[in-house]
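Have the sequence and the 3D view open side by side.

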Amino acid sequence: MAAHSSPPSTIALDGPAASGKSTIGLRLAHALGYTFFDTGVMYRAVAWLALQRGLNLSDEAAVTKLAEETDLDIRSASKEDGRTSDVLANGQDITWEIRRPEVDANVSVVSAYAGVRRALSAHQRRIGLRGRIVMVGRDIGTIILPEADLKIYLDASAEERARRRYNEIIARNEKAEYNEILSKVRARDQIDSTRTVAPLKPANDAVILDSDKLSADEVFERVMELCK
Ligand code: CDP
């Protein structure tokens, strides 16, 4: 990572499922007056559309074609209903649809396809290169923006991450089963970190923050410290 002028203009925030990347990334973007871009929503959108259309998710060619042909648009939040951005696919607002459990369960299969990643990553890089941005994902520091001014890898144990996801779902008044969430978090970690294309791993020059014993406020303070 190059020595950065302060604050850094391009910030890559990577880490496993439910490690707190979105919460921290959004706060950081607000504090710095930067754009917040959660790249995970793009993979989620493709997974949701594929399920919606009844595609066989093992059909890599069909899912790739879908990713290539879909017009995805990520905009700043137009409603105050807890969303961090608006996600539109071919003009349709699918911001909440992509958070459904069936998307959680299938998104990693879709995101492991090289063609899907190719279709989405050019768009991500273009946006990232504009600077003054906090970009959240799995491969931002390693593949999408290897020249990022600051790279942070936010980690936490699977148990802690499952607990957080569980609390999020309960807060939305939906039903959740802790053990089921834990096994799904583990399954997604497994696919994300063992795939051949852009596997989840910290960049060599990333600062690794383990949030198991840190509150969201403490993580945020450390991240702000790194931006000075
Ligand atoms: O919010 P959570 O951490 O659970 O997931 P997400 O960031 O919305 O990402 C959903 C899925 O998309 C991940 O499990 C990865 O399979 C994939 N993803 C990816 O491969 N590369 C990215 N840059 C972002 C997400």
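## A pair in the parallel sheet

Leu-13 stands opposite Ile-152 in β7. This is a predicted model: local features need pLDDT of at least 70, side-chain atom pairs count only at pLDDT 80 or more, and totals for chains, interfaces and linings use all residues. Residues are numbered from 1 along each chain as its sequence is written, and side-chain values use heavy atoms, with hydrogens and water left out.

Strand β1 covers residues 10-14 and strand β7 covers residues 150-155. The two pair in the parallel sense over four bridges. Strands here are DSSP runs of E, at least two residues long, and helices are runs of H or I, at least four residues long; both are numbered from the N terminus. Two strands pair if DSSP finds at least two bridges between them.

## The five-stranded sheet

Which order do the five strands take? The open sheet runs β2-β6-β1-β7-β8, with parallel pairing. β2 (35-38) and β8 (207-210) stand at the edges. Each has a single partner strand, so one side of each is left without a neighbour in the sheet. From one strand to the next, the twist averages 20°.

Helix α1 (residues 21-32) packs on this sheet. It touches β1, β2, β6 (133-137) and β7. Contact means heavy atoms within 4.5 Å. The direction of α1 makes about 175° with that of β6. Such angles run from 0 to 180 degrees between N-to-C directions, and axes are lines fitted to C-alpha atoms, for helices over the stretch in contact.

## The three-stranded sheet

A three-stranded open sheet has the order β3-β4-β5 and antiparallel pairing. Its edge strands, β3 (72-76) and β5 (92-93), each pair on one side only. β3 joins strand β4 (residues 85-89) over five bridges. Leu-72 has Ala-89 in β4 as its bridge partner. Helix α2 lies across β3, β4 and β5, at about 135° to β3.

## Around the ligand

Which residues come nearest to the ligand? Of the 18 around it, they are Arg-44, Ser-111, Arg-117, Arg-188 and Asp-192. A residue counts as near if one of its heavy atoms lies within 4 Å. Helices α2 (40-52), α4 (101-111) and α8 (178-194) each supply at least two residues of this shell.

Now look at single atoms. A ligand oxygen is 2.9 Å from an N or O atom in the side chain of Lys-21.

Definitions and conventions:
A polar contact is a pair of N or O atoms within 3.5 Å; within protein, one must be able to donate a hydrogen and the other to accept it, and residues adjacent in sequence count only if both atoms are side-chain atoms.
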